[in-house]
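Here are my notes on this model, point by point. Please keep the structure open while you read.

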Amino acid sequence: MLRNFVSKLRRSCLGTPGWIKVNFDGSFVAQDGKAGAGVIARDSQGHVIFTAWRVLFRCQSAEEAEAQACLESFHLAAQWAQGSIIVETDCARVANALQAKEDRSLLCFILSEARHHARLLVEWRIAKVMRECNSVAHEFAALARRNTHSAVWIGQAPACVLDLVKNECNPLS
């Protein structure tokens, strides 16, 4: 039974046929104020289109880190992803705010900029996913936060997360 659940979970981490799946995550540590954003884009078969991580300076909260990661995902998708986009997050607050007609939160300016980049896309939608389906983006966000380093890789992922990318997208055999 557990094996069937894990297999179903991993299959759900794959994208919808014909759509590009972009996962994002933010990482924030309140004790020292360090934060990072992580993004991975894959086609519907799980092939990497781009990966990115960015250190976030002057970040005030975990929600702000998530919103900044959302902005980064739309910015990169507008540049590097051709076609319809499903943006996935494990942060219900950001997913709900993007779907709302009006947002008066402290994040409204960041999310407004994300929507601006989204207008450059053919079509997009946002989905709230389980944290287990966002593990690669989470790892990139933590990497940026820990190393105070930013990077974008086109068409591949760095060696430090290759196993995680494969395991997140492939059902158990």
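1. The model is predicted. Elements that cover the buried residues of α3 include β1 (19–29), α2 (62–80), β4 (84–89), α4 (108–118) and β5 (124–128).

2. Which residues of α3 are buried? In this helix, residues 92–99, they are Val94, Ala95, Ala97 and Leu98. Their arc around the axis is only 165°, so they sit on the same side of α3.

3. Next, the packing of α2 on α3. Two packed helices are described by the angle between their axes and the distance between the axes. For α2 and α3, the angle is about 55° and the axes are 9 Å apart. The crossing of α2 past α3 is right-handed.

4. Now the contacts between these two helices. From α2 come Glu63, Glu66, Ala67, Cys70 and Phe74. They meet Arg93, Val94 and Leu98 of α3. Val94 and Leu98 are also among the buried residues of α3.

5. How many disulfides does the whole structure hold? The search finds zero. A disulfide is a covalent bond between the sulfur atoms of two cysteines. Take Cys70: its closest cysteine sulfur is in Cys91, 9.2 Å away. That is too far for a bond, because the cut-off is 2.5 Å.

6. Is Cys70 buried or exposed? Cys70 is buried, at 0% relative accessibility. Cys160 is exposed, with a relative accessible area of 59%.

Methods:
Residues are numbered from 1 along each chain as its sequence is written. This is a predicted model: local features need pLDDT of at least 70, side-chain atom pairs count only at pLDDT 80 or more; totals for chains, interfaces and linings use all residues. Side-chain values use heavy atoms; hydrogens and water are left out. Buried means under 20% relative accessible area, exposed over 50%, partly exposed in between (1.4 Å probe, protein chains only). Helices (H or I, at least four residues) and strands (E, at least two) are DSSP runs, numbered from the N terminus. The arc is that of the directions from the helix axis to the C-beta atoms. Contact means heavy atoms within 4.5 Å. Axes are lines fitted to C-alpha atoms, for helices over the stretch in contact, and angles run from 0 to 180 degrees between N-to-C directions. A crossing is left-handed if the near helix is turned anticlockwise from the far one by less than a right angle, and right-handed if clockwise.
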